[in-house]
Amino acid sequence: MGAGYPGRAVMAIKEITVTCQQEGADKGKMFVITRMSAFEADKWGRHCLQAAISSGADIPGAASGSGVAGLAAAGISIFGMMAPEKMDELLARLMQCVSVQPDPGNPSVRRPLHESDIEEIPTVAWLQKEAFALHVDFFKGVGQLFSLLSALLQMGNSAPSPDMPTSMNATPS
C-alpha cells in the first residue's frame, strides 16, 4: 500500500529491457525503456499531435487533444509531419525514457542514456521505435474500439438503439 494513501496500492511504471540485435558496434548493448507516467505520456502525445497538425498534417481520426490514443492511431511516422525543431524536442523527450545497462550481468546497474552510448545511426531509430511502441502499443490493440466509438458519437440520435431489430437480427413476420 502507498504511504499516506490507505487502501491504495502503488503500481510500478512499466519498463522493458531491450538488446540491440543489429549488426555493428551496438550489437548486444542493453537498454531499459521506462514508460512515462500516464499524465506525462498524455501530455507528450497531445504535444506530438498538435505539432503535426500545426505543420499542416492531416491525421484521420486524431484530434489535437486526443493524447497518446491519437498518437497511436497516427504511428511513429507522425514525427515526419512536424517542423524539425519540434520533432527534435519531442523525440528528445521520448529518449529520456531510455537508460543504458552497461553490464548485462548486473541488471540493477543502469544510467541515463548519453549520446556516446550509441555508435550506429540505425540504433537511434530502433530505440526511438521501441520507446514509442512502449507508450502507444496498448492503444493500437483497442484502435478499432476508438474508431467504432467515434463513428457512433458522430451518428448522434439517428442511430438505431442497440435493442432495435436490424437486418442481421430481424425475425421474419
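Colleague: Which residue of strand 2 stands opposite Val18?
Modeller: Val18 faces Phe31 in strand 2. Strands here are DSSP runs of E with at least two residues, and helices are runs of H or I with at least four, both numbered from the N terminus.

Colleague: What kind of model is this?
Modeller: The model is predicted: local features need pLDDT of at least 70, side-chain atom pairs count only at pLDDT 80 or more, and totals for chains, interfaces and linings use all residues. Residues are numbered from 1 along each chain as its sequence is written, and side-chain values use heavy atoms, with hydrogens and water left out.

Colleague: How many bridges join strand 1 to strand 2?
Modeller: Five bridges join strand 1 to strand 2 (residues 30-34), and the two run antiparallel. Two strands count as paired if DSSP finds at least two bridges between them.

Colleague: And in what order do the strands form the sheet?
Modeller: The open sheet has four strands in the order 1-2-3-4, with antiparallel pairing. Strand 1 (15-19) and strand 4 (111-112) are at the edges with a single partner strand each, so one side of each has no neighbour in the sheet.

Colleague: Is Gln101 buried or exposed?
Modeller: Gln101, which lies in strand 3 (residues 98-101), is buried, with a relative accessible area of 5%. Buried means under 20% relative accessible area, exposed over 50% and partly exposed in between, using a 1.4 Å probe and protein chains only.

Colleague: What is Gln101 in contact with?
Modeller: Leaving aside neighbours within four places in sequence, the contacts of Gln101 include Thr17, Phe31 and Arg110. Contact means heavy atoms within 4.5 Å.

Colleague: Turning to helix 1, which residues are buried there?
Modeller: Ala41, Trp44, Gly45, Cys48, Leu49, Ala51 and Ala52 are buried in helix 1. They lie on the same side of helix 1 because they cover an arc of only 160° around the axis. That arc is taken from the directions from the helix axis to the C-beta atoms.

Colleague: What is on the face turned away from that buried side?
Modeller: That face of helix 1 carries the exposed residues Phe39 and Ser54. Helix 1 is followed by Gly56, which has a positive phi near 95°.

Colleague: Where is Ser37 found?
Modeller: Ser37 is in the loop between strand 2 and helix 1 and is partly exposed, at 32% relative accessible area. Ser37 and His135 are 98 residues apart in sequence, and 9.7 Å apart in space from C-alpha to C-alpha.
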